Amino acid sequence: MTEPNKLTHHGVPEHQPAAGGIAARARAAATPQYLTGLNPEQREAVETLDGPVLVLAGAGTGKTRVLTSRIAHILSQGRARPGEILSVTFTNKAAREMKLRLGHMLGQAVEGMPWLGTFHSIGGRILRSHAELVQLKSNFTVLDVDDQIRLLKQLLAADNIDDKRWPARMLAGLIDGWKNRGLMPSQVPPGEAAVFGNGRGGKLYTLYQERLKILNAADFGDLLLENIRLFREHPDVLRQYQHRFKFILVDEYQDTNVAQYLWLRLLSQAPAKPGAPLASVIPGYVSSPVIPAQAEGLNPESPEEDSSRDSGSGPSDHPGMTTQTTGAPPPPSQAPPKNICCVGDDDQSIYGWRGAEVDNILRFEHDFPGAKVIRLERNYRSTGHILAAASHLIAHNEGRLGKTLRTEDVDGEKVTVTGSWDSEEEARAIGEEIEELQRGGHKLNDIAILVRASFQMREFEDRFVTLGLSYRVIGGPRFYERAEIRDALAYLRVINSPADDLAFERIVNVPKRGLGDATVQMLHDHGRKRRIPLFEAARAVVETDELKPKARGSLRDLLACFERWRVQREVVSHTELAEIVLDESGYTEMWQKDRSADAAGRLENLKELVRSMEEFENLQGFLEHISLVMDRDGGAEDDAVSLMTLHSAKGLEFDNVFLPGWEEGLFPSQRTLDEQGRAGLEEERRLAHVGLTRARRRAKLYFATNRRIHGTWSTTIPSRFLDELPAHNVEITESKGGSGWGGSSGYGPSRFDNVESFGSSYATPGWQRAQANRARGQSGRNGQAGGGFNESQSPFSGSRSDTSGSRGAASSRNKRAPMTIEGELIAKSTGTVSEFTLDDRVFHQKFGYGHVVKIDGNKLTIAFEKAGEKKVVDSFVERA
């Protein structure tokens, strides 16, 4: 066999063994190692090298092995050199895994595969090689999101657009969406451009792209968009890469967006003759660059697209593709498409909200006439009952190519469906089932809870702390680590303890109050010199002229708010107090005005935070509970339950999977149904399918009769997806969570009899285990096993300023709070006598020279030579 590195100039051996000859039969008899263990469908997908191939790989059917074995087969058969194979994935992790597997199969051959990577990494490499053709230099910078938003803010300010009404983050989202659809500024439909800045969205997009060129920069979307423009405007460059890539392999094809689709279509067509129009490369292409319908046969506003999606029809049309573009075979003068193999699963397309087009995989056979479709339906992950339930559920989708997962494994346990009174009982029931599994010898690492929305996690986090169960949140921060939750807790911590410098520093300028780093530094300097907390330092500084009038007024108003909230703390419940604080501080309004995609979720999390306080007697007890929840820093290697959203679970698998919240409005999401109609419902159903197929041995579904959503308790009905499960594969079980207690939820006892006391969760065995685990963990880390809240080790210690927040923390614990007499705050004296005397000549960094005319404790009234009479704190002046 000719080795890949010994091929001729044309990349193929000079001699091919004759069909049926001795050499051919001997080669067939020597089965390569990478082919052993493949089932017939997998082997067919590996060995079918000629022409377009679509591999429909269901969950757990071994698609990654098929992809890597196919590359190994191409190389071992001498069909291409490593540098002549383009293999694209969606994540760097997937690319690394593929390279690792290939390395094990072929040794050093993987080192010569420069074109194995993500869409954007390969697009960036091509762009750097031809940067001058798109008005860039080869050393261009790729902007991150923060830099992108800063640049957009500059453009908004230059165009006199109010960035509060029209946030830069919103414009960044629009531009990213346009780029994901392959739209240059001139191709954005006027109706879409008009949604931002009173019709100036398109103009701002143009200015943004022009500014990027001046800065020699590109954003993430440009790595593909500029590739497409490069190939459109310079067919000779396109031909170069079409000649280079003899084989193209694509992973997770169902998750490609329009820009990725166009990029692949350009590269996957046979090279056109020099001087030939681009229409011979992409059928339906015409030169007019008005909208993508003319540029690449795409029309984002086509009514056919909407009707196709809403009706759930199959692959008859790509969004906006004309019938001529899709159904007609290529003209006789055009060579057949090259060897492209796309692997994907239309039943696992769950990222439509970020631009993925499931239609790309549905219309593969129309894009590539004569394509061979190979279905991988033998599942190696789940038991029979789980697969039967998942397959029956997804069969209700109309927009799919169709396949039925099967297994040679045992039927196993049936999928269970359990109803609970409310979300608290749901969390208790799942917690008890997990403990039961743990007692049965199951590892926590083999257990996962998959939720539809991130706010659902809070109930489980709290419950696991009470039970002493280790857990980890995958794909995002834990509930109490989210920025909006930490901000809200910081307000409550300052109310509870005015000496909490770390909390005060975090929120002194959140929302924006004109109190920047310089102000915080001044407060730190004064607090350090006088050995007092920041709050007391702020109270002293606002009585002087150290700050500018606007900043002084803002700080004085903030201090007054905190004093008012401390008075209200004595007369209103702690939950009502939290709502008052979030409202009066302007924090809720800040997120209401934010038009970013995650603003609604942050508001939802704030409401969930307030609700979580109901089960505690007072604010102090709640904050102590939070310190216990947050003080869990086990490493990834620890045995722990995995908690994540369904979207984060893609590609993972666990022996035991709990799926809570299967209720109408939550799952399927009402927002998705309202915005996308039937297409949204089908994507939600695909998400349910993904959730079920994460389970290897047990899948347990839960729904609650009552759940608090958007801050309001409501009676819910079970999800329609439950009725779409096959009855003979499902078992109805009773909740093990006991009853909901008659606390402040307002619902009273539930219909169950097994009442569990929640008088003090800190007296439970689970809490004692948690304390013991915590003590052992701290002892192992730093030799300390103290209890209670350690301010210096607090998870809240993250500050919004670079300035250290620990100054004066030790002395602040013994400071006495200000006195309140008949509802009026009496400022507390520092108890020190100034070292200055009347008529002393002094110097101030800001006001210059002057002399002391009045002394009040540590406050000096000074007549400055140039600034006039000012009142300052003596720590800010020195003798002249």
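The model is predicted: local features need pLDDT of at least 70, side-chain atom pairs count only at pLDDT 80 or more, and totals for chains, interfaces and linings use all residues. Residues are numbered from 1 along each chain as its sequence is written, and side-chain values use heavy atoms, with hydrogens and water left out.

**View 1. Overall composition of the chain.** The chain has 33 helices and 23 strands, where helices (H or I, at least four residues) and strands (E, at least two) are DSSP runs numbered from the N terminus. Of its 880 residues, 55% count as buried; buried means under 20% relative accessible area, exposed over 50%, and partly exposed in between (1.4 Å probe, protein chains only). Among the contacts with a separation of 6 or more, 74% are between residues 24 or more positions apart, a contact being heavy atoms within 4.5 Å.

View 2. Six strands, in the order β3-β2-β6-β7-β1-β8, form an open sheet with parallel pairing; two strands pair if DSSP finds at least two bridges between them. At the edges stand β3 (116–118) and β8 (372–376), each of which pairs on one side only. Neighbouring strands of this sheet are turned by 15° against each other on average, direction ignored. Strands β2 (residues 85–89) and β6 (residues 247–250) run parallel and are joined by four bridges, and Leu86 has Ile248 in β6 as its bridge partner. Helix α2 (residues 40–47) lies across β1 (53–57) and β8, at about 145° to β8. Helix α3 (residues 63–76) also packs on the sheet, where it touches β1, β2, β3, β6, β7 (339–344) and β8, and its direction makes about 170° with that of β6. For these angles, axes are lines fitted to C-alpha atoms, for helices over the stretch in contact, and values run from 0 to 180 degrees between N-to-C directions.

**View 3. The antiparallel open sheet.** Five strands in the order β22-β21-β20-β19-β23 form an open sheet with antiparallel pairing. Strands β22 (868–873) and β23 (877–879) stand at the edges with a single partner strand each, so one side of each is left without a neighbour in the sheet. The twist averages 45° from one strand to the next. Three bridges pair β19 (residues 841–844) with β23 in the antiparallel sense, and Val842 stands opposite Arg879 in β23.

**View 4. Aromatic pairs.** Rings of Phe, Tyr and Trp (its six-membered ring) pair if their centres lie within 6.5 Å; planes under 30 degrees apart count as stacked, over 60 as edge-to-face and the rest as tilted. By this rule the count comes to 27 aromatic pairs. The ring centres of Phe658 and Tyr702 are 6.5 Å apart and the planes stand at 35°, so this pair is tilted. Phe658 belongs to strand β13 and Tyr702 to strand β14 (residues 695–709), so the pair ties together parts that are 44 residues apart in sequence. Both Phe658 and Tyr702 are buried. Phe847 and Phe864 form a tilted pair, with 5.3 Å centre to centre and 50° between the planes. This pair links Phe847, in the loop between β19 and β20 (848–856), with Phe864 in strand β21 (residues 859–864), 17 residues apart. Phe847 is buried at a relative accessible area of 10%, and Phe864 is buried at 5%.

**View 5. An aromatic cluster and arginines over rings.** Tyr491, Phe504, Phe535, Phe562 and Trp565 form one aromatic cluster. Arg566 lies over the face of Phe535, at 4.7 Å from the ring centre. Elsewhere, Arg265 lies over the face of Phe368, at 5.6 Å from the ring centre. A charge sits over a ring if NZ of Lys or CZ of Arg is within 6 Å of the ring centre and within 35 degrees of the ring normal.

**View 6. Surroundings of Asn656.** Asn656 lies in strand β13 (residues 654–659) and is buried, with a relative accessible area of 1%. Not counting residues up to four places away in sequence, Asn656 touches Leu437, His442, Asp446, Ile447, Ala448 and Arg698.
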